[in-house]
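Please look over the model shown here.

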Amino acid sequence: MRLQEVLGGIYVMITEEESDLVLKYFSENSYVHETQLSDREQVVAERLSHKGVIVPSLRGYRAV
């Protein structure tokens, strides 16, 4: 488990799998569309959006 800072300086716990996904796709401030993710990565991205680490939008997911 790792700590990830979200908007407002709040920290949330994320798993190693979630951390790997953030490092792989969201290290830049760009959008990642769902079609770029595998089925498993889509599930992990959905969990991250519930935790507030990434934000879903019409253009795709974006890191906070």
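## Contacts around Leu48

Contact here means heavy atoms within 4.5 Å. On that basis, and leaving aside neighbours within four places in sequence, Leu48 is in contact with Ile14, Glu18, Leu21, Val22, Val53 and Ile54. The model is predicted.

Leu48 also belongs to the largest nonpolar core, where it is among the residues with the most contacts. The others named with Leu48 are Leu21, Phe26, Leu37, Val53 and Ile54. That core has 16 residues. Strand S2 (10-14), H1, H2 and strand S4 (60-63) each supply at least two residues of this core.

## Overall fold

The protein chain has two helices and four strands. Read from the N terminus, the order of elements is β-β-α-α-β-β. The radius of gyration is 11 Å, close to the 11 Å that the globule rule gives for 64 residues, so the chain is as compact as a globular protein of that length. Along the principal axes, the C-alpha trace spans about 30 × 20 × 20 Å.

How much of the chain counts as buried? Of the 64 residues, the share is 33%. The accessible surface comes to about 4,300 Å². Carbon and sulfur atoms hold 54% of that surface. Among contacts with a separation of 6 or more, 47% come from residues 24 or more positions apart.

## Salt bridges between the helices

Side chains of opposite charge can pair when their charged atoms come close. The structure holds six salt bridges. Three of them are described here, starting with Glu17 and Arg40. The closest N and O atoms of Glu17 and Arg40 are 3.0 Å apart. This pair links distant parts of the chain: Glu17 sits in helix H1 (residues 16-25), Arg40 in helix H2 (residues 39-51), and 23 residues separate them. Glu17 is partly exposed, at 34% relative accessibility. Arg40 is partly exposed too, at 44%.

Glu18 forms a salt bridge with Lys51, with the closest N and O atoms 2.9 Å apart. Glu18 lies in helix H1 and Lys51 in helix H2, so the pair ties together parts that are 33 residues apart in sequence. Is Glu18 buried or exposed? Glu18 counts as buried, because its relative accessibility is 1% and the cut-off for buried is under 20%. Lys51, at 32%, counts as partly exposed. Recall that Glu18 is also one of the contacts of Leu48.

Lys24 and Glu41 meet through their side chains in a salt bridge, at 3.3 Å from N to O. Lys24 lies in helix H1 and Glu41 in helix H2, so this pair ties together parts that are 17 residues apart in sequence. Lys24 is exposed, with a relative accessible area of 55%. Glu41 is buried, with a relative accessible area of 15%.

## Two serines

Ser49 lies in helix H2. It is buried, with a relative accessible area of 16%. The side chain of Ser49 reaches the backbone oxygen of Glu46 at 2.7 Å. Leaving aside neighbours within four places in sequence, Ser49 is in contact with Ile54, Pro56 and Tyr61. Ile54 is also a contact of Leu48.

Ser19 is in helix H1. It counts as buried, at 6% relative accessibility. Not counting residues up to four places away in sequence, Ser19 touches Arg2 and Ile14.

Asp39 is found in helix H2. Is Asp39 buried or exposed? At 63% relative accessibility, Asp39 counts as exposed, because the cut-off for exposed is over 50%. Asp39 and Met13 are 26 residues apart along the chain. Their C-alpha atoms are separated by 23 Å.

Notes:
Residues are numbered from 1 along each chain as its sequence is written. This is a predicted model: local features need pLDDT of at least 70, side-chain atom pairs count only at pLDDT 80 or more; totals for chains, interfaces and linings use all residues. Side-chain values use heavy atoms; hydrogens and water are left out. A salt bridge is a side-chain nitrogen of Lys or Arg within 4 Å of a carboxyl oxygen of Asp or Glu. Buried means under 20% relative accessible area, exposed over 50%, partly exposed in between (1.4 Å probe, protein chains only). A polar contact is a pair of N or O atoms within 3.5 Å; within protein, one must be able to donate a hydrogen and the other to accept it, and residues adjacent in sequence count only if both atoms are side-chain atoms. The radius of gyration is taken over C-alpha atoms; the globule rule is 2.2 Å times the number of residues to the power 0.38. Accessible areas come from the Shrake-Rupley method with a 1.4 Å probe; for residues, only the protein chains shown count as cover. A nonpolar core is a set of buried Ala, Val, Leu, Ile, Met, Phe, Trp, Tyr and Cys residues joined through side-chain atoms within 4.5 Å.
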